[in-house]
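Subject: Structure handover

Hello,

Here is the structure I promised to pass on. Please open it alongside this note; my findings follow below.

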Amino acid sequence: MNKIRLKFILITVFTLSVFSSIGQNAIPQDKDVIVGKLSNGLTYYIRHNETPKNRVNFHIVQKVGSILEEPKQRGLAHFLEHMAFNGTKNFPGDKSHNGILSWCESNGIKFGRDLNAGTGIDETIYDIMNVPSKKKNIVDSCLLILHDWSNALLLSSNEIDKERGVIHEELRTTNTANQRCIQSIAEQVYGKGSKYSDCLPGGSVDVVDNFEYETLRSYYKKWYRPDLQAIVIVGDIDPIRIEKKIKTIFSDINTPKNPAKRKYYSVESNDSPIIAIATDSELTSPMGIWSYKMPVVDKETKKTPDYIVYNYLSDIVSLMMNDRLAAIANEPGSIIHGGNFSKGGFLLSGYAMDNFEIGFSFDEKKTSEAIKIIYTEVERARRFGFTVTEYERARTNYLKQKESMFASRKTIVNNVFAQKCIKNFTHGEPLLSIKSDYNSSTSIANNISVDIVNNYFKGTLTNKNQVFAFMLPQKSNIDIPSKRDIREIISQVQSKKIEAYKEEKISKPLIEKEPTSGKIIKESVSKDLKTTKWILSNGVELFIKKTKFEEDFIEFKAFSKGGLLAISESDSLYATELSNVTSIVNLGTFSNTELMRYLSGKMVDIQPSVDLDSDNISGKCSKKDVSTMFKLLYLLYTDIKIDSKQFDAWKTKRKAQIEMMSKEPNKMFGDAILKTVYKKYPSKIITNPSQIDKLTVNRFVNILRKRFSNAADFKFVLVGDIDINKLKPLVEKYIASLKTSKKVEKVNLSMFKPNKGNRVHAFNVKQTENKASIFSQIVSKYKYNLKNIISVNIFSQIMNYRLYRKMREDEGGVYSPYIAVKLTNSPMKRMIFTMVYDTDPKLVTKMKSIVKEDLYDLSKNGPSKEDFIKAVKYLKKEHAQLLKNNSYWINQIQLDIDNKFNQINEFSSTLDNIDLNDIKHLAKILNKSSNRYEVIMKTKK
């Protein structure tokens, strides 16, 4: 996109006096952000923000990514990211401790969650998140870490060699069907010789295993330098103090005298469509991508009001196209399963080329027809534009989003502001304040007509610069058209007659007959949680907690014991498919498409779910839309439907999914786990597509209605920015009016009983990557109470510290193992230790022995005092942060209702009474347990 086109848009809009509120020369920058640059070229962004309170986020952004690598360096950008945690000037570490990692964890900053980094094609970003900001020494130490990441990595030979194994395991884990298809598509789309044809950050295994030490050090010295770096700090800090510290700490970093030029690579235009087709035997679902390439907007133009108009037009077009794609996917019998239209960077080349893109999934046996449907919709929009009704709906949604952001501006979290600063540095995106963004966007939206939008869309998209890419399962019974076939389809659509878009206007109410209100018959206030409890005339109990943690928003949950275990064993096939069929559930007289359009301009979401042992309804809405949320809730209890045609279409799609997944390695691994752990439950899972034919729509509807028919069996919890006076009549009308009974459901545990004893299942599968996937689990009975819940959480953190060090850092045998110890109350009171990880098949015995020996050592000697203190600090920090979170309060209110205790008031005192012996005791219990499960899946030779 060039300046001339943007200027044309701006001139058109100026006739409407759009920019009276924001000025005509430049976009105003957020005054709350301090932006500066040191003499060495380092840029910094500092912003004070108090959500969450006493927390601060630190980031260092490097304009360095895998695109800068030479062939012999493929993978070094990513390797450097790993090495940033393996010894720096001020945090050198030693044989037993990683310097930065140990320091962060000793201050409650958890690796992988708070402490992390990511390497992209064009940049590398390091994060230290949720740092306690009250103590200046902790804040200053984080600045020192950023300093070392910028210029002072040690890159010792020993640490480099240790990290080779870790990255080798990461590449083993991430060598997925999707990754292989993306690489194949890049080679076809960009062509041989283009930097973008081989630039994925993982790089080459050969390079990772064999590069010389000095090669990595030279790459670091060449590209990690202040003129390509920015520091971003957002949180509850004193910005003036932080700015002074940055100037003191970072000014000693020198810029090379003759720095290498940071080159940005181009992407060529194309007159005829580029077509790429990638297939893989392990791909589980087909995906299509239609792209229209557009030159990026230059950074100087992004500083002008032209760019705000441009973004509005792009956003509004995306909303309308997504509305059409959703309607297509919701049509009974549609072969399109879903689609998303968006504007962004083109494939892997976001710095070089923008695009409009539709990503869509479809029936794998009808690829050619799917292409025709999607491309016809693009053509329809190009030829006829969008209707007034579509535009009004999209504009209403757009304005509602902006209004909601503005209303909650005082409770926006640190990371939202940090990402704005990062995008300003990397892409030159405007650094608008929330208020300026709201004012300018509202002004633009209220003055731009649908004709301007249509002219923009028609003028932007032409028959040039189009790209079609497809990722398809490599199977014999699917439709894989040739590139010639696809070109012919495109040509046919471009030349055929297409009708303009039409839709029927929705004028019916959400609820046809409003219910007769019930009453609130009793009100009480909890001394412990300070919640208000209402007992309604129909027996329903509702709990309310007013907060200001997220202004303008209310969260909701209704929960009841029951779930899949309350469904009769004769309906077990329905039980296992219930979560899949909820996607086509209709409420009242509305289809899914009608409901989606009816809810335009409303910030409301409500989702039913049936878990193993509970039935749940979760929701969230803005204060203005609480009435709509209650109406949807009422319909969920009174008028669930499933359209028979949609159900038939669902059956067709589901059968195809089951067939595709049947030989997928991860699915086979998951099925093997279920069969190893449980007695009856695995036998009830649908594994054959023909089993779907036995299911009927009426039975599904009856089961769903039964799950949500008796509101008295549920407890209702609302937390957030609540107006009690407005809430009362809604509760009385839409909840107190529901029909209820005193009947309590019983669960059937026989279907879910685990096997006893030591169970091991090992098998081989055919897969591309040579790897072993290992699941191990130890289960023991254990009392469910607050002390044990917290003790198990400490134990889980300690196991993560220990096994991460031994399996990853010391041995290089795993990349990112899942390690969790949990305490459950339902359906059974159990302590469960679970590990899942991938490794080299040659290392299976060694990795298993590490886990076994470590648990034995912990049961004999207990944890180190250092690990125990780290775990306690992390839990204290996390708990303090969670206390300002609505969802956490809902969970704690539920815990209090179900078990008569919670973690709100008693957490700290209980935590302080836990010691090293309590953790040693837990390890002993697990180490003595006779109920052990192990599944090992290896690649078939």
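Strand β14 (residues 541-546) pairs with β20 in the parallel sense, over six bridges. Strands here are DSSP runs of E, at least two residues long, and helices are runs of H or I of at least four, both numbered from the N terminus. Two strands pair if DSSP finds at least two bridges between them. In this pairing, F543 stands opposite V717 of β20.

Before more detail, some ground rules. This is a predicted model, where local features need pLDDT of at least 70 and side-chain atom pairs count only at pLDDT 80 or more, while totals for chains, interfaces and linings use all residues. Residues are numbered from 1 along each chain as its sequence is written, and side-chain values use heavy atoms, with hydrogens and water left out.

Back to β20. Strand β15 (residues 553-561) runs antiparallel to β20, and six bridges join them. There, K557 has V717 as its bridge partner. Five of the six residues of β20 (residues 715-720) are buried, so the strand is largely enclosed by the rest of the structure. Buried means under 20% relative accessible area, exposed over 50%, and partly exposed in between (1.4 Å probe, protein chains only).

Next, β5 (residues 124-132). Nine of its nine residues are buried, so β5 too is largely enclosed by the rest of the structure. Strand β3 (residues 55-62) pairs with β5 in the antiparallel sense over seven bridges, with I60 opposite Y126. Strand β4 (residues 115-119) is also antiparallel to β5, over five bridges. L115 stands opposite I128 there. A hairpin of four residues joins β4 to β5.

Then E664. It sits in the loop between α20 (644-661) and α21 (665-677). A polar atom of the E664 side chain lies 3.0 Å from the backbone nitrogen of N666. Leaving aside residues up to four places away in sequence, E664 touches E282 and T284 (heavy atoms within 4.5 Å).

Last, the cysteines. How many disulfides are there? A disulfide is a pair of cysteine sulfur atoms within 2.5 Å, and the count is zero. For C142, the nearest cysteine sulfur is that of C104, 5.9 Å away. C142 is buried, at 0% relative accessible area. C181 is buried as well, at 1%.

Best wishes

How values were computed: A polar contact is a pair of N or O atoms within 3.5 Å; within protein, one must be able to donate a hydrogen and the other to accept it, and residues adjacent in sequence count only if both atoms are side-chain atoms.
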